[in-house]
Amino acid sequence: MKRSVLIAGTHSGVGKTTVAMGVMAALTKRNMKVQPYKVGPDYIDPTHHTAICGRSSRNLDTFMMGVDGVRRTVANSYKDADISVIEGVMGLYDGMNSTEIASSAHVAKSLCIPVILVVNVHGMSRSAAAIVKGFTEFDKDVNIAGVILNRVGSPRHAQMIKDVLPDIPVVGTVPRNNDIKVPSRHLGLHMASEQDYDIGKLAEFIEENVDIDEILSLASEPKKPEVEDDRCVGNMSEVTIGVARDDAFCFYYEEMFDMFRKCGARIEFFSPLDGDIPEVDGMYFGGGYPELNIAELEKSRTTKKLKDFSADGMPIYGECGGLQYLCSSYEIEDVVYKMADLFPAETILTKRLQALGYTEGVAKGKFIKGPVRGHEFHYSLTECDSDSRLVYEMSRGKGIMNGKDGITEHNSLASYMHAHPGSFPVDSFVEQCRKYSRK
């Protein structure tokens, strides 16, 4: 039987990321094959999961993927794993607006798996029982199977809380430890490639303070999907898509790569910072941190060549950081840097958050048609020329301007929306790349 468990928190900042990563590390140290997941649209936490487990972490999001999409992702990615560990998002019941959609609870219910609730008990004792009681009774369809008390002050403190908790197993009492934490910046935690924490030390710390055997006994088999994804079924000629992946472009969903391959595409990773453009039939620039690598990007051979590829009709797709890079310029602290100039638009980095949240729009472009769901998170503004064409009509989210997103030129498209392959027409994009390769 395949086993799964979801580690959630009462709210953001309770330590669920550290605990989840620690549990993954402890299980991996036992030579178990651990398949990691992250609830929500986050790109950064999964890089840490991947580094710890040696397996690509996947996102689970009922808004972007639907219930069956979540089930399909789990069913398709954990086949040879011993256990799957899912890190929640925000508080257990925090979903989109006032609903359960996209919450950790909704994912747990969709998969019919147990939840381990992390509670930050710093500065409280008996009140912790009221919090746990409220969480367990709020939605009886959510199976909160165990509790981890985090930031415990002493063994006596832990016992005081255990004595008054409702009838629920305490599977861990984790003391305060300021030495184990991951640094952060404006878009969240540092990427795993920048880690300066000791995974072995993290595993040892959690093993000492959490009953891993109890977590294994509580884990259960997730529910299977009812409907399969029938996109990209049939024999298709191979096509090559170049994916920019380096310190500047590092925000990607592993499922997008899965869908590329399912649709007959071979992926060629390349670095706009360090290398040249490989022999490809289309290109994909994900989000990331172009602003932290802006001088190198301005000088890059890739930056200087992209406009010609776009003018020739090669399909080129960019998201957020990719959008910023594919514009004509990027202004940072009053310095204007020349970018790839695929689109008649300029980007300006701002000190204030400009947009954060889920997005939804209807696309009316060459290779992007129909409803697309995703999310946006950026500290920049993009100002388009008056004759710019925007193909996303947004029903949710800010986009580029005036309720629109998705600037397009030739066969190139870029948006602030980070789209998920649950709704993004990957098959259509790959087919456009295939047509280009036959020119």
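Trainee: How do helix α1 and helix α7 pack, and at what angle?
Mentor: In this predicted model, α1 (residues 16-29) packs on α7 (residues 199-209) at about 95 degrees. Their axes lie 8 Å apart.

Trainee: What does that make α1 relative to α7?
Mentor: Roughly perpendicular. The 65 to 115 degree range counts as such.

Trainee: Which residues meet there?
Mentor: From α1, T18, V19, M21, G22, V23, A25, A26 and K29. On the α7 side, I199, L202, A203, E204, I206 and E207.

Trainee: And how do the residues of that contact divide?
Mentor: Nine are nonpolar, two polar and three charged.

Trainee: Which ones?
Mentor: S104, A105, H106, V107, A108, S110 and L111.

Trainee: What happens just after α4?
Mentor: C112 takes a positive phi there, about 55 degrees.

Trainee: On to the cores. How many residues has the largest nonpolar core, and which have the most contacts inside it?
Mentor: That core has 63 residues. F260, F285, L306, L326 and F424 have the most contacts within it.

Trainee: Which helix gives the most to this core?
Mentor: Helix α13, residues 426-437, with five residues.

Trainee: Take L306. What is L306 in contact with, leaving aside neighbours within four places in sequence?
Mentor: I277, M283, F285, I316, Y325, L326, A340 and L342. Two of those, F285 and L326, are also on the list of residues with the most contacts inside the core.

Trainee: Zooming out, how many helices and strands does the protein chain have?
Mentor: 13 helices and 25 strands.

Trainee: What is the radius of gyration, and what would a compact globule have?
Mentor: The chain has 23 Å. With 439 residues, a compact globule would be near 22 Å, so the two agree. The C-alpha atoms fill a box of roughly 70 × 50 × 40 Å along the principal axes.

Trainee: What percentage of the 439 residues is buried?
Mentor: 58%.

Trainee: And what share of contacts joins residues at least 24 apart?
Mentor: 73%, among contacts between residues at least 6 apart in sequence.

Key: Residues are numbered from 1 along each chain as its sequence is written. This is a predicted model: local features need pLDDT of at least 70, side-chain atom pairs count only at pLDDT 80 or more; totals for chains, interfaces and linings use all residues. Side-chain values use heavy atoms; hydrogens and water are left out. Axes are lines fitted to C-alpha atoms, for helices over the stretch in contact, and angles run from 0 to 180 degrees between N-to-C directions. Helices (H or I, at least four residues) and strands (E, at least two) are DSSP runs, numbered from the N terminus. Angles under 35 degrees count as roughly parallel, over 145 as roughly antiparallel, 65 to 115 as roughly perpendicular and the rest as oblique. Contact means heavy atoms within 4.5 Å. Ala, Val, Leu, Ile, Met, Phe, Trp, Tyr, Cys and Pro count as nonpolar, Asp, Glu, Lys and Arg as charged, and the others, Gly among them, as polar. Buried means under 20% relative accessible area, exposed over 50%, partly exposed in between (1.4 Å probe, protein chains only). A nonpolar core is a set of buried Ala, Val, Leu, Ile, Met, Phe, Trp, Tyr and Cys residues joined through side-chain atoms within 4.5 Å. The radius of gyration is taken over C-alpha atoms; the globule rule is 2.2 Å times the number of residues to the power 0.38.
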